[in-house]
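Please walk through the following structure with attention to its aromatic rings and to one of its helices.

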Amino acid sequence: MAYVHTYGCQGNTADSEKLKGFLHQMGYGFAHSKEEADLVLYNTCAVRENAELKLFGKIGELKSLKEKDPDMLIVLCGCMMQQKRITDKIRKSYRHVDLMFGTYAAHQFPELLLHVLQSKKPLIENQERDNFIMENLPVERESDFMASVQIMYGCNNFCSYCIVPYVRGREVSREAGHIIDEVRQLVSNGYKEILLVGQNVNSYGRGLEEPLSFSELLRRLNKIEGDFRIRFMTSHPKDCSRELIDTISECGKVCPQLHLPVQCGNNRILKEMNRNYTREQYLDLIRYAKEKVPGIGLTSDIIVGFPGETYDEFLDTVSLAKEVRYLGLYTFIYSKRDGTKAALMDDPIKDSEKAKWLNELIDLQHQISEEINRSYEGKLLRVLGENPDSSEEGFLMGHSDEGLLVKFAAPIERIGTFCTVQITQGRRAVLLGNLCDKS
């Protein structure tokens with residue numbers, strides 16, 4: 001039995017589904033806990049320091065299990081394992097780990113695991129990327145009605161705070177035909193939501209023999225027959241075009257939702273972050289999106305306390321959030337990443353002070369989210385039933401096309417189906433509603 005745990009982004013989740021596909025082909029079933037497993041695999045994330053600390057704690061917990069069962073295999077992979085300082089530390093301090101491999105060697109997982117089993121020796125594989133994409137890998141999906149589809153890998157942006165380009169490599173796109181075939185097969189198998197994944201989906205298609213824009217890829221996927229919807233993440237504002245917004249407006253299967261990470265609302269800090277757009281350019285895109293796609297669900301990422309940021313500069317982010325009025329924000333205190341340009345910058349503000357700024361922004365967003373959610377009271381929304389509500393029997397949880405979280409009374413059989421829900425109450429984090437269709 002194998003236990004697989006994923007840290008980080010949707011890209012990591014998609015990678016884990018492929019790794020589980022390999023494990024399934026090798027005859028493994030899947031355990032619900034590490035205590036039940038013969039093989040434990042952690043797919044890691046390197047975006048924030050907290051993720052590293054958490055992983056080291058988890059690896060330490062495995063030592064006692066390994067002592068009880070010396071034949072247990074411990075596998076670490078993903079972004080953190082692409083960093084030599086990390087693998088060196090694990091090799092020195094966590095000698096019970098059997099296999100480590102980086103993001104570029106995932107397609108070699110069965111071969112690497114076989115080597116460990118035959119040699120009875122630990123193995124580290126963190127080779128460099130060769131820009132080769134392996135297609136038709138096995139996939140063991142977490143859901144039978146929601147699927148992530150990786151459309152590209154890597155990132156060329158080199159934002160000054162971000163380690164991703166160093167551990168994921170330069171951008172490389174999958175051929176459109178492979179993506180379309182995969183989505184068509186998923187839809188024919190009954191999948192209702194397709195999430196297109198990439199570090200910067202707006203860069204899709206560059207470098208292909210037959211260049212194709214992300215907007216055109218969306219239009220081709222929109223033509224696939226079937227009752228399903230398309231989401232995507234993540235969009236970089238510097239590459240987000242009015243053409244993309246027009247595509248969202250004109251393609252009925254593309255959700256009226258846009259996750260557009262601004263990171264900061266101050267132009268000096270944006271320049272230091274190497275984001276390559278200004279506050280004014282970002283807000284111009286937002287205004288166009290609201291005009292072309294009324295009711296569009298807008299979300300964003302924000303970093304608080306970038307090195308050298310002052311409180312007045314942080315207030316520019318607060319004012320931007322007030323102007324945009326996001327459905328939700330993913331907010332973080334700046335996390336130093338060794339090897340990035342920002343790691344060398346002076347950072348005089350204490351984390352305790354940054355935490356106060358963060359709470360100020362969170363309080364504002366809570367107020368905005370509740371106001372937006374209340375505006376939906378009485379409206380009908382199309383919601384995909386995703387899972388039972390954990391706190392109240394007889395209720396399902398799901399997301400609307402706009403990305404709103406909805407709780408509604410419905411039989412469990414409606415999981416995996418589109419439901420028409422009339423909203424009765426808007427709360428800060430969730431909408432409550434009644435099922436209107438009885439199909």
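Are Tyr7 and Tyr42 buried or exposed? Both Tyr7 and Tyr42 are buried, where buried means under 20% relative accessible area, exposed over 50% and partly exposed in between, with a 1.4 Å probe and protein chains only. This is a predicted model, in which local features need pLDDT of at least 70 and side-chain atom pairs count only at pLDDT 80 or more, while totals for chains, interfaces and linings use all residues. Residues are numbered from 1 along each chain as its sequence is written, and side-chain values use heavy atoms, with hydrogens and water left out.

The structure holds 11 aromatic pairs, counted where rings of Phe, Tyr and Trp (its six-membered ring) have centres within 6.5 Å, with planes under 30 degrees apart taken as stacked, over 60 as edge-to-face and the rest as tilted. The ring centres of Tyr7 and Tyr42 are 6.0 Å apart and their planes stand at 70°, so this pair is edge-to-face. Ring pairs also join Tyr161, Phe306 and Tyr334 into a cluster.

Helix H4 spans residues 109–119, helices (H or I, at least four residues) and strands (E, at least two) being DSSP runs numbered from the N terminus. Within H4, Phe109, Leu112, Leu113 and Val116 are buried. They cover an arc of only 100° around the axis, which puts them on the same side of H4; the arc is that of the directions from the helix axis to the C-beta atoms. The face turned away from this buried side carries the exposed residues Glu111 and Gln118. Just after H4, Lys120 adopts a positive phi of about 60°.
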